Amino acid sequence: MGALDDLYQQLILDHYRNRRGRGRIDGASASVHEHNPVCGDECFLDILVVDGRIAEIRADGDGCSISQAAASMLTEAAQGRELDEALDLVEHFRLMMHGEAAPDEELLGDAIALEGVAKYPVRVKCALLSWLALRDCIADYRETVATGG
Amino acid sequence: MGNSAQHTLDAQALRAEFPILTSPRADARELHYLDSAATSQKPRRVLDAMDAYYRETNANVHRGVYEMAAEATARFEAGRDAVARLVNHPREATVFTKNATEAINLVAWAWGARELGEGDEVLVTLMEHHSNIVPWQIVAGITGATVRFCPVTPGGDLDLDAMRDMIGPRTRMVAVVHVSNTLGTINPVEEIVAMAHAAGALTMVDATQSVPHMPVDAAAIGSDFLAFTGHKMCGPTGIGVLAAAPERLEAMEPFLGGGEMISDVTTEGSSWNEIPWKFEAGTPPIAEAVGLGAAVEFLEQVGMENIRAHEMEVARQMLDALDEVPGLTVHGPGDIGRRGASVSFTLDGVHPHDIGQFLDTRGVCVRAGHHCTKPLMRHIGVQSTARASAYLYTTEDDILALRDALVACRDWFGAA
């Protein structure tokens, strides 16, 4: 099962079966709800921002192994980062998924295991769903702060 | 498994007619194509007919006076004759469109946008494909009409009692799918059409999943409009059909304007060509009509009754095989007399996308997702399903490959 091993590395299956950072945050600083129109998969993403850093991040929703593992890995990779740093992380991940950047393992952590998904265009959206939700979540948070909301 | 006594069709022999099913594949995997509800494979004679048209007699249809243009027109119109014959419908009321979606849009715009108004109702069902929902929603948004949804029973049937209650004096159109692309349910469209007509409503039957798979008699169904597509019935993409009541087409204004559909054009205005050409603006899908004609001749030779009998047998094999997979749930009727051979299912602990990806490594092609039926998905409480769908070339070997791959898939993802 060469092709399968490529796509579904052990690390991905592990994050799928044992989700990290799953759930919602009471009193979150910002929340987004996004879905993948291709398959209907949903992602709820909450962040708690303290002193310009992501003090807590949680992802919830249902989806395929790739989308669920990606969300799990995201919560680990983004935890504790400054907002701009988190945006850089998301951008690096996005570029990797489009085959436009060599993966930086130190930055990505376990999420480096998703590199092989880039070869499956239909599944790239699954991997990106929660990560792009974080980008939108940070934008929402900043807009709320800027408008004094 | 299987009751070969009922078999009047040799699927294994028919596979020889389909180059894609018999050519060796680059990766040497055997192809188990179980996605014919999305699009069917094409027999050689369809490819040859389209190729011959382009090589021998490519010319634009209708007004050309030279012989080659007359030949092109003859082959194009012969495609229409074949399609009309297949569904027992007058040729002049058999309109070529881009696909079934465009056929429904044609009616939504040419009839609905002009005839619907505030307080009017369009009744669709919860098991419609988006193509029989969204055009009505768009036109309702413009006209002030309302789109209502007939519910589906837990067993996967239309709730006809509810439908009877919902059809009333405000109902102007009842739009219903003949065979559900997701559940496989065969709906009693003759009864529904009679119910709608008794209340003075018009009817649209989406026959996309029935015309390729069973005898469909448009005259017996009696709907005002019946839509289907070429590429799911062994024909090419890019051509669909609207079989309409001739008097409706006569009364309706055109949908798209342009060349071909006019009788006269002056600086003051235009008048319309005769039906069906009034609804065929611009250069039509000529090679596609030729290919569809060849597809119809192929289906007629195999026999629509034989195709239906074969698919009932395959549906039985599929339901039995899926029943052997632990943790698997079929969504749709269990009675093969009331269903087609398109079977949606979910597997505990494994997402449909993961099922589709895993099965692909074993050459088994199934679809995963919402199948363009999101209201139905919400109604039955699932986000998506995997769907295996058969056709005249599906064999028991394909079904056993599906079963074995699903069992292996469950182990691979460690589903409890």
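This is a predicted model: local features need pLDDT of at least 70, side-chain atom pairs count only at pLDDT 80 or more; totals for chains, interfaces and linings use all residues.
Two strands count as paired here if DSSP finds at least two bridges between them. Strands of a sheet in general pair through backbone hydrogen bonds, either parallel or antiparallel.

S11(B) is joined by four bridges to strand S12 (residues 342-347) of chain B, and the two run antiparallel. Within this pair, B:Thr329 finds B:Thr346 of S12(B) opposite.

Stepping back to the whole of chain B, the chain is divided into domain 1 (4-30 + 303-412) and domain 2 (47-300). Between the C-alpha centres of the two domains of chain B lie 28 Å. Where they meet, 21 residues of domain 1 of chain B are in contact with 22 residues of domain 2 of chain B. On the domain 1 side of chain B, H12, S12 and helix H14 (374-380) of chain B each supply at least two residues. Which of the elements gives the most to that side? The answer is H12(B), with five residues. By class, the domain 1 side of this contact in chain B splits into seven nonpolar, eight polar and six charged residues.

Over in chain A, a run of strands comes into view. Strand S1 (residues 30-35) of chain A is joined to strand S2 (residues 42-50) of chain A by six bridges, and the strands run antiparallel. A:His35 has A:Glu42 in S2(A) as its bridge partner. S1(A) and S2(A) make a hairpin with six residues between them, and A:Gly40 in the turn has a positive phi of about 85°. S2(A) also pairs with strand S3 (residues 53-60) of chain A, in the antiparallel sense and over seven bridges. Here A:Ile47 has A:Ile57 in S3(A) as its bridge partner. The hairpin of S2(A) and S3(A) has two residues between the strands, and A:Asp51 takes a positive phi near 55° there.

Helices pack in chain A as well. The axes of helix H3 (residues 65-78) and helix H6 (residues 121-146) of chain A come within 8 Å and cross at roughly 35°, and the crossing is right-handed. Residues of H3(A) that meet H6(A) include A:Ile66, A:Ala70 and A:Leu74, while A:Cys126, A:Trp131 and A:Leu134 are among those on the H6(A) side. Sorted by class, this helix contact has ten nonpolar, two polar and one charged residues.

Finally, the two chains touch each other. The contact takes 14 residues from chain A and 14 residues from chain B. On the chain A side, helix H1 (residues 2-7) of chain A gives the most, with three residues. That side of chain A comprises eight nonpolar, three polar and three charged residues.

Note on methods. Residues are numbered from 1 along each chain as its sequence is written. Chains are lettered from A and ligands numbered from 1 in the order in which they are written. Two residues are in contact if their C-beta atoms, placed from the backbone, lie within 7 Å. Ala, Val, Leu, Ile, Met, Phe, Trp, Tyr, Cys and Pro count as nonpolar, Asp, Glu, Lys and Arg as charged, and the others, Gly among them, as polar. Domain bounds come from an automatic or database domain assignment. Axes are lines fitted to C-alpha atoms, for helices over the stretch in contact, and angles run from 0 to 180 degrees between N-to-C directions. A crossing is left-handed if the near helix is turned anticlockwise from the far one by less than a right angle, and right-handed if clockwise.
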